[in-house]
Amino acid sequence: MCQHQPPCPSADSTDREAAHLVAHHPEQGWSLLCNGVLLFEDTGELLPDGQVIAPHRARATAAA
């Protein structure tokens, strides 16, 4: 799918979010990466094979 050189990380790679944006729709809360991953603003992901990756945004901790 990716035509970039060097190629973007594949959808099953741990660094898949580093792929180039193909479409960005912040008003709808999602972006499509060139490796076929749908990345949602809550940091959840939908992989091309249908696998769902739960949101993994780092949680802010309150300072004491």
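Glu45 lies in strand β4, residues 45–46. Strands here are DSSP runs of E with at least two residues, numbered from the N terminus. The model is predicted: local features need pLDDT of at least 70, side-chain atom pairs count only at pLDDT 80 or more, and totals for chains, interfaces and linings use all residues. Residues are numbered from 1 along each chain as its sequence is written, and side-chain values use heavy atoms, with hydrogens and water left out.

**Glu45**

Glu45 counts as buried, at 2% relative accessibility. Buried means under 20% relative accessible area, exposed over 50%, and partly exposed in between, with a 1.4 Å probe and protein chains only. The Glu45 side chain makes a polar contact of 2.6 Å with the side chain of Arg16. Such a contact is a pair of N or O atoms within 3.5 Å; within protein, one must be able to donate a hydrogen and the other to accept it, and residues adjacent in sequence count only if both atoms are side-chain atoms. Beyond its neighbours within four places in sequence, Glu45 is in contact (heavy atoms within 4.5 Å) with residues including Arg16, Val37, Phe40, Ile53 and His56.

**The sheet**

Five strands form an open sheet in the order β1-β2-β3-β4-β5, with antiparallel pairing. Two strands pair if DSSP finds at least two bridges between them. The edges are β1 (21–25) and β5 (52–53), each pairing on one side only. β1 pairs with β2 (residues 30–33) over four bridges, in the antiparallel sense. His25 has Trp30 of β2 as its bridge partner. Ala23 stands opposite Leu32 in β2. These two strands make a hairpin with four residues between them, and Gly29 in the turn has a positive phi of about 85°.

**Cysteines and core**

Which residues make up the largest nonpolar core? Its eight residues are Cys8, Ala11, Ala19, Leu33, Cys34, Val37, Leu47 and Ile53. A nonpolar core is a set of buried Ala, Val, Leu, Ile, Met, Phe, Trp, Tyr and Cys residues joined through side-chain atoms within 4.5 Å. Ala19 is in contact with Cys8, Pro9, Leu33, Cys34 and Asn35, leaving aside its neighbours within four places in sequence.

The whole structure has zero disulfides. A disulfide is a pair of cysteine sulfur atoms within 2.5 Å. The sulfur of Cys8 has its closest cysteine sulfur in Cys34, 3.4 Å away, so the two are too far apart for a bond.

Buried residues compared by accessibility:

| Residue | Relative accessibility |
|---|---|
| Cys8 | 14% |
| Cys34 | 6% |
| Glu45 | 2% |
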